[in-house]
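Have a look at the sequence and the coordinates first.

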Amino acid sequence: MAAGIAEIEATAVHSVTRLRRFQDYLGWSASALAFLLLGGAMVWILAIVFVKGLDSLTPQVLTHVTEGTGGGLLNAIEGTMVLALGGVLLAVPPGLACGIYLAEIDVLVGVPSIVIGYFGYVTMVVMLGWQFSAAAGSVALAIISLPYISRTTEMALREVPRGLREAAYALGATDRAVVLGISVPAALPGILTGILLALAISVGETAPLLYTAGWSSYLWNGHLIKEPIGYLTYVIWAFITEPFASAQALAYAAALFVTLFVLVISVLSRLLLDQSVGWRGRS
Amino acid sequence: MISGGPILRGFRWRWLRNRLFSFRSLTALLASLVGFILVLMVVFLALYAWPAVRLNGTGFLTQNSWNLGNLYGNPITVHGQQILPGAEYGILFLIAGTLLSTAIALLIAVPFGVGAAMFLSEGVPPPVRPWISFFVELLAAIPSVVYGLWGYVVVIPFLGHHIFPLVVRWLGFLPFLGGPAGSGYGLFTAGFVLSLMIVPLITATLRDALVGQPPELRDGAMALGATRFEALRTVLLPAARRVLVGSTILATGRALGETMAVLMVSGNALNYLPSNIYTPISTMASFIVSQLDSALQDPTGMAVRSLAEVALVLCLISIVVNALARVLLHYQGRHLLRAF
């Protein structure tokens with residue numbers, strides 16, 4: 001009798017377990033599939049950019065400026081460097097200040113970049129009369145990359161052990177000496193990560209530049225205002241829809257440069273971030 | 001050494017100078033300047049758009065009528081504003097296009113993002129987890145315009161030639177899925193590309209939250225007889241509900257403001273509402289770019305001011321959406337908001 005009940009219970013448990021095991025199997029498969037599809041999309045995008053981009057690379061791309069729908073990308077590469085470096089240089093001091101002061105400017109991240117671009121258009125291009133120019137483009141990029149610098153700075157500073165700062169204050173150090181002499185050097189990998197990230201974002205931006213930097217197929221003549229300037233992302237957008245093979249090749253080459261740069265920076269910043277996490281273990 | 005004449009001789013110049021120009025107050029000054037940018041942005045956009053706001057009234061949000069008017073006509077005066085004859089500005093189709101493409105993006109991104117986060121948090125050995133996660137999160141690093149390129153070269157022909165005709169044939173009886181299947185440019189394509197752009201935000205945030213749950217939750221559930229997946233689905237995931245909602249709202253904000261990718265795959269419709277998922281659309285953000293050249297042709301400047309009104313509406317919407325997300329995510333730790 002007792003054995004019979006145990007047998008019945010065992011079968012009941014067994015069948016429930018099998019159903020649940022099947023559900024488990026389904027659940028894991030579905031979540032793994034979700035992950036694999038996302039990874040697949042990533043590979044697909046990179047494959048297109050790298051295969052077509054490498055196909056389109058010729059020495060001319062690096063040595064000539066854009067002429068009509070052909071030529072090279074020299075002007076755009078130069079312009080992207082000028083705009084991105086200008087933007088980051090402008091963004092670093094206030095970005096660091098915000099990070100140091102723990103100011104909450106994350107809400108700027110949520111503002112669409114095109115809105116920032118239009119703000120730049122209204123204020124700098126129209127009201128200040130700078131017209132489409134390197135200065136207007138750099139300032140727009142600076143506003144966009146500011147919150148990234150400040151956020152990573154703040155995160156990195158929070159990781160610095162409190163004891164370090166307290167020891168410095170105890171020795172009579174001033175605010176400036178503690179921040180610039182102790183906290184910032186200790187948090188440097190994290191801060192550099194933020195700056196690299198800002199650089200990557202600046203290189204990849206398009207929409208705000210259309211409204212502030214304009215476009216030029218000539219090399220930059222060094223004027224900060226009243227002179228439009230070229231950049232790589234414009235070529236991707238404007239040239240891929242052209243019917244000419246030469247134009248599309250330039251778009252692919254530009255996409256290759258931009259994507260490669262952004263990927264390298266992302267990997268680099270991840271490595272830097274891993275290093276800076278070391279503090280956590282020591283505090 | 002003290003300048004300023006005999007009256008001020010007793011004043012503590014050095015004390016004041018040290019106060020005003022101390023490291024602390026200079027940092028505070030710079031930081032508050034930045035905090036001021038957002039206010040400046042809204043104020044300047046509003047000031048610039050004001051003539052358009054007065055001219056367009058509420059019809060701006062309720063009508064499908066973006067029309068620059070006769071560019072060769074003499075400007076006329078309406079409501080005290082100089083405009084071109086026949087010019088009117090209504091952006092209902094932009095609002096519809098923005099909201100619908102964002103909705104489709106969320107419908108795709110949320111299940112995939114949650115699935116991937118579940119897999120990454122519990123299905124991958126911890127030592128390799130950061131690097132495998134990083135691979136998916138790189139999706140967030142790819143620039144918008146590269147998504148646009150991929151969408152234009154790959155997704156549009158693929159969906160337009162292979163997928164949409166099949167969907168029309170087999171599922172055409174369902175609402176919004178009936179034909180004609182179109183060329184591949186349109187609402188669904190825009191939503192699909194957007195979903196890939198926002199999914200890393202959901203995956204990364206939710207994965208961090210799942211990994212960060214106290215291990216007692218999972219151990220307790222498993223001690224009660226739950227399998228690992230059941231513990232994840234019925235205990236850990238509900239515990240991270242707030243993070244999921246918060247990150248979804250953040251992703252919504254991102255999708256609402258996305259410009260270049262949408263511009264390149266949406267078909268840039270003007271003045272009509274989508275009737276099915278294949279219809280071309282425009283979003284507020286993409287419209288601001290696609291209309292720049294023609295708006296600059298308007299000698300009265302009203303078109304550019306109306307575009308500023310579009311930017312203002314978009315800015316206000318994203319501020320509200322992001323504030324909402326931030327309130328929800330606030331208690332879950334700020335590190336969850338990082339880009340990747």
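## Confidence

Chain B comes out with an average pLDDT of 86, and 93% of its residues score at least 70; pLDDT is the predictor's own confidence in each residue, on a scale from 0 to 100. Within chain B, helix α1 (residues 13–20) sits lowest with a mean of 72, while helix α4 (residues 92–122) is highest at 95. Residues 1–5 of chain B fall below 50, and this stretch has two contacts beyond near neighbours in sequence. Residues 333–340 of chain B also stay under 50, with 17 contacts beyond four places in sequence. A contact here means two residues whose C-beta atoms, placed from the backbone, lie within 7 Å.

Chain A averages 86 as well, with 90% of the residues at 70 or above. Its lowest-scoring helix is α12 (residues 278–282) of chain A, with a mean of 43, and its highest is α10 of chain A, at 94. The pLDDT is below 50 over residues 278–283 of chain A, a stretch with six contacts beyond near neighbours in sequence. As for the model as a whole, ipTM and pTM are both given as 0.88.

## Ground rules

This is a predicted model, so local features need pLDDT of at least 70 and side-chain atom pairs count only at pLDDT 80 or more, whereas totals for chains, interfaces and linings use all residues. Residues are numbered from 1 along each chain as its sequence is written, and chains are lettered from A and ligands numbered from 1 in the order in which they are written.

Chain B has 14 helices and two strands, which are DSSP runs numbered from the N terminus (helices H or I, at least four residues; strands E, at least two). Along the principal axes, the C-alpha atoms of chain B fill a box of roughly 85 × 65 × 30 Å.

The contact between the chains takes 65 residues from chain B and 66 from chain A. On the chain B side, helix α2 (residues 23–56) gives the largest share, 15 residues. That side has 48 nonpolar, 14 polar and three charged residues (nonpolar: Ala, Val, Leu, Ile, Met, Phe, Trp, Tyr, Cys and Pro; charged: Asp, Glu, Lys and Arg; polar: the others, Gly among them).

## A helix pair in chain A

Helices α3 (residues 74–101) and α10 (residues 232–239) of chain A have axes that come within 7 Å and cross at roughly 130°. The axes are lines fitted to C-alpha atoms, for helices over the stretch in contact, with angles from 0 to 180 degrees between N-to-C directions. The two helices are therefore oblique to each other (under 35 degrees is roughly parallel, over 145 roughly antiparallel, 65 to 115 roughly perpendicular, and the rest oblique). A:Ala76, A:Ile77 and A:Thr80 of α3 meet A:Leu232, A:Tyr234 and A:Val235 of α10. Five of these contact residues are nonpolar, one is polar and none is charged.
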